[in-house]
Amino acid sequence: VQLQASGGGLVQPGGSLRLSCAASGSIFSINVMGWHRQAPGKQREPVASITSGGSINYADSVKGRFTISRDNAKNTVYLQMHSLKPEDTAVYYCNAEALSTDWRRTYPWGQGTLVTVSS
């Protein structure tokens, strides 16, 4: 199972961006999909996650500004980000908990997409 993230870029403070992450490969099912981020000089931290049933968790730092959603038919997860702040600048990684068609549980990560919030 592979993940391909897209949608990063440069945005001014207060602006919005939408990240996408599509899963492909020998997928039987995907339980959890989510996003982490890693700012320069800092550890990777969780941002948001969503289960196949729609249960959602957010980091306190993004609550009320970011919205995670997924399209189960497309095996795709989205992260809509509003009211972006300079401290949101980071490489954003998508990740998943998936079951492959040969019944192996796998935890793939996407390649990362850079979000820069700056004027």
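How many of the six residues of S8 are buried? Strand S8 is mostly covered, with five of its six residues buried. Buried here means under 20% relative accessible area, exposed means over 50%, and partly exposed lies in between (1.4 Å probe, protein chains only). Strands (E, at least two residues) and helices (H or I, at least four) are DSSP runs, numbered from the N terminus.

The model is predicted: local features need pLDDT of at least 70, and side-chain atom pairs count only at pLDDT 80 or more, while totals for chains, interfaces and linings use all residues. Residues are numbered from 1 along each chain as its sequence is written, and side-chain values use heavy atoms, with hydrogens and water left out.

The protein has eleven strands and zero helices. From the N terminus on, its elements therefore read β-β-β-β-β-β-β-β-β-β-β. The C-alpha trace spans about 50 × 25 × 20 Å along the principal axes. The radius of gyration, taken over C-alpha atoms, is compared with a globule rule of 2.2 Å times the number of residues to the power 0.38. For 119 residues, a compact globule would have a value near 14 Å, and the protein agrees, with 14 Å. Of the 119 residues, 40% count as buried. Contact means heavy atoms within 4.5 Å. Among contacts between residues at least 6 apart in sequence, 54% join residues at least 24 apart.

Strand pairing places S8 between two partners. Two strands pair if DSSP finds at least two bridges between them. S3 and S8 run antiparallel and are joined by six bridges. Leu19 has Leu79 as its bridge partner in S8. Cys21 has Val77 as its bridge partner in S8. S7 and S8 also pair in the antiparallel sense, over six bridges. Here Arg70 has Val77 as its bridge partner in S8. The hairpin of S7 and S8 has four residues between the strands, and Asn75 in this hairpin takes a positive phi near 50°. S3 is also joined to S1, by five bridges, and these two strands run antiparallel. Ser6 is paired there with Ser20 in S3.

In soluble globular proteins, nonpolar side chains tend to be buried together. A nonpolar core is a set of buried Ala, Val, Leu, Ile, Met, Phe, Trp, Tyr and Cys residues joined through side-chain atoms within 4.5 Å. The largest such core holds 29 residues. Trp35, Val47, Phe66, Leu79, Met81 and Tyr92 touch the most other members. Elements that give two or more residues to this core include S1 (2-6), S3 (17-24), S4 (27-38) and S5 (45-51). S7 (66-71), S8 (76-81), S9 (90-100) and S11 (113-117) are also among them. S9 gives the most, with five residues.

A disulfide is a pair of cysteine sulfur atoms within 2.5 Å. The count by this rule is one disulfide. Cys21 and Cys94 form it, with their sulfur atoms 2.0 Å apart. The link of Cys21 and Cys94 is right-handed, with 60° about the S-S bond. Distant parts of the chain are linked in this way: Cys21 lies in S3 and Cys94 in S9, 73 residues apart. Both Cys21 and Cys94 are buried.

Arg37 belongs to strand S4. Arg37 counts as buried because its relative accessibility is 6%. Polar contacts are pairs of N or O atoms within 3.5 Å; within protein, one must be able to donate a hydrogen and the other to accept it, and residues adjacent in sequence count only if both atoms are side-chain atoms. The side chains of Arg37 and Asp88 are joined by such a contact of 2.9 Å. The side chain of Arg37 makes another with the side chain of Ser61, at 3.4 Å. Beyond its neighbours within four places in sequence, Arg37 is in contact with residues including Glu45, Val47, Phe66, Glu87 and Tyr92. Val47, Phe66 and Tyr92 are also among the core residues that touch the most other members.

Ser100 lies in strand S9. With a relative accessible area of 6%, Ser100 is buried. Leaving aside neighbours within four places in sequence, Ser100 is in contact with Ser26 and Phe28. A polar contact of 2.3 Å joins the side chains of Ser100 and Asp102. Ser100 and Gly112 are twelve residues apart in sequence, and their C-alpha atoms are 22 Å apart in space.
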